[in-house]
Amino acid sequence: MKKTYKINEIFYSLQGEGYYSGEPAVFVRFSGCNLACPWCDTDHHNAQEMTAEEIVNAVKLAWPQQQENRPSDANPFVVLTGGEPAIQIDESLTLRLADEGFYVSIETNGTKELPEGIDWITCSPKPDSVIRLKEADEVKVVFDGKTNPERWRNEIHANNWFLQPLHDGKTSNVKETLDYILTHPYWRLSLQTHKLLGIR
């Protein structure tokens, strides 16, 4: 019996956060997480079981057909997100996406080890979590004003560091986030531009 993955949705949009903000990408949103963040975007009660083949085919269909004419250095971009994709993904999926020519990115909380076949790792650690991931391409911290983000600089090696204001539907701490970055200038600002633009 083929392994299946719990998928919330697969869609084409722009990356709204972090280093690749503004980049067109196909998002594979996994359902399920080992943490329970109050600001999570994923409806964990809404999921369908899909095989790796079904996921790859859906990703290929979601990407514009003009990809055959793309420059040789512009691989189509796929983002594995959630929820927490690391509790489900394996090399059967990541290497298959890579074999199809996709640049594979993951957004993870860093509490699980990752398989081979991932080109870009975005680690978004959460308060009180235990990090198993020791290296990432970028670290993106939702700044709640309570947890000291410097903790993560001691636990994870990364070249890009982002702070993102907390928007929980009730409050927003943009000013506090800006003030922190201005006094700790090795951090950069990440905004949820997809929400500002009204897109997924």
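You are looking at a predicted model, in which local features need pLDDT of at least 70 and side-chain atom pairs count only at pLDDT 80 or more, while totals for chains, interfaces and linings use all residues. Residues are numbered from 1 along each chain as its sequence is written, and side-chain values use heavy atoms, with hydrogens and water left out.

**The sheet**

Now select the strands. The 9 strands form an open sheet with mixed pairing, in the order E3-E1-E2-E4-E5-E6-E7-E8-E9; two strands pair if DSSP finds at least two bridges between them. Which strands stand at the edges? They are E3 (48–51) and E9 (188–189), each with a single partner strand, so one side of each is left without a neighbour in the sheet.

Zoom in on E9 and its pairing with strand E8 (residues 160–165), which is parallel and runs over 2 bridges. Here Leu163 stands opposite Leu189 in E9.

**A helix across the strands**

Next, select helix H1 (residues 52–62). H1 lies across strands E1 (4–14), E2 (24–30), E3 and E4 (77–81), and runs at about 95 degrees to E3. The angle is taken between N-to-C directions on a scale from 0 to 180 degrees, with axes fitted to C-alpha atoms, for helices over the stretch in contact (heavy atoms within 4.5 Å).

Go to Ser13 in strand E1. Is this residue buried or exposed? Ser13 is buried, with a relative accessible area of 11%; buried means under 20%, exposed over 50% and partly exposed in between (1.4 Å probe, protein chains only). Leaving aside neighbours within four places in sequence, Ser13 is in contact with Glu23, Pro24, Ala25, Phe27, Ile199 and Arg200.

Follow that list to Ile199, in the segment after H5. Ile199 is partly exposed, at a relative accessible area of 35%.

Finally, show the surface. Helices H4 (174–183) and H5 (193–197) are the elements that give two or more residues to the patch, and H4 supplies the largest share, 3 residues.

Note on methods
Helix = DSSP H or I, 4+ residues; strand = E, 2+ residues; numbered from the N terminus.
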